[in-house]
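Have a look at the structure first, then read on.

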Amino acid sequence: MTILHIDPLIIELRVNRFTVERILIDPWSTSEVMYYKTFTKIGFSESNLSRPPYPLFNFNVNPKYPLGKITLPI
C-alpha cells in the first residue's frame, strides 16, 4: 500500500550568512515567494534582483508582476 503525505516539511537553512528558521517546501508550487522584508533582512537589496521572466497568476484574476527574481546561495 502506498501512503501519500501532504504534510509540509519545515527546515532551517543558512542564506547569505543568515539563519532562516522557517522554510516551507511546497513541491507543487511553480514559484517560491519571499516577503521583501525577509529579503532585505538577510542582506540583499533590489540590485541583487534580475527581471522576472513572466508575471504571477492565481493570486487573483489579474497578473501580478514580482519585484524581481534571485537564485539564493544556500
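Ring pairs tie Tyr36, Phe39 and Phe44 together into a cluster. Rings of Phe, Tyr and Trp (its six-membered ring) pair if their centres lie within 6.5 Å; planes under 30 degrees apart count as stacked, over 60 as edge-to-face and the rest as tilted. Bear in mind that this is a predicted model: local features need pLDDT of at least 70, side-chain atom pairs count only at pLDDT 80 or more, and totals for chains, interfaces and linings use all residues. Residues are numbered from 1 along each chain as its sequence is written, and side-chain values use heavy atoms, with hydrogens and water left out.

**The aromatic cluster**

- The structure holds two aromatic pairs. One of them, Tyr36 with Phe39, is tilted, at 6.0 Å centre to centre and 35 degrees between the planes.
- Tyr36 and Phe39 sit about one helical turn apart, because they are three residues apart in helix H1.
- The rings of Phe39 and Phe44 have centres 5.6 Å apart and planes at 20 degrees, so that pair is stacked.
- Buried or exposed: what are Phe39 and Phe44? Both Phe39 and Phe44 are buried (buried means under 20% relative accessible area, exposed over 50%, partly exposed in between, with a 1.4 Å probe and protein chains only).
- Phe39 comes in at 5% relative accessibility, while Tyr36 is partly exposed with a relative accessible area of 40%.
- Leaving out residues up to four places away in sequence, Phe39 touches Met34, Phe44, Ser45, Glu46, Leu49 and Ile70 (contact means heavy atoms within 4.5 Å).

**The nonpolar core**

- Seven residues make up the largest nonpolar core: Leu13, Val15, Val20, Ile23, Phe39, Ile42 and Phe44. Such a core is a set of buried Ala, Val, Leu, Ile, Met, Phe, Trp, Tyr and Cys residues joined through side-chain atoms within 4.5 Å.
- Strand S1 (9–15) and strand S2 (18–25) are the elements that give two or more residues to this core.
- In soluble globular proteins, nonpolar side chains tend to be buried together.

- Leu72 lies in the segment after H1 and is partly exposed, with a relative accessible area of 24%.
- Not counting residues up to four places away in sequence, Leu72 touches Val15, Met34 and Phe44.
- Val33 is found in the loop between S2 and helix H1 (36–41), and Val33 is exposed, with a relative accessible area of 61%.
- Between the C-alpha atoms of Val33 and Lys69, 36 residues apart along the chain, the separation is 9.5 Å.

**The chain overall**

- The protein chain has one helix and two strands, running β-β-α from the N terminus on. Helices (H or I, at least four residues) and strands (E, at least two) are DSSP runs, numbered from the N terminus.
- Of the 74 residues in the protein chain, 12% are buried.
- Among contacts with a separation of 6 or more, 30% come from residues 24 or more positions apart.

- Mean pLDDT for the protein chain is 76, and 70% of its residues reach 70 or more (pLDDT is the predictor's confidence in each residue, from 0 to 100).
- Among the elements, H1 has the highest mean pLDDT (86) and S1 the lowest (70).
- Where pLDDT is low, the predicted coordinates should not be read in detail.
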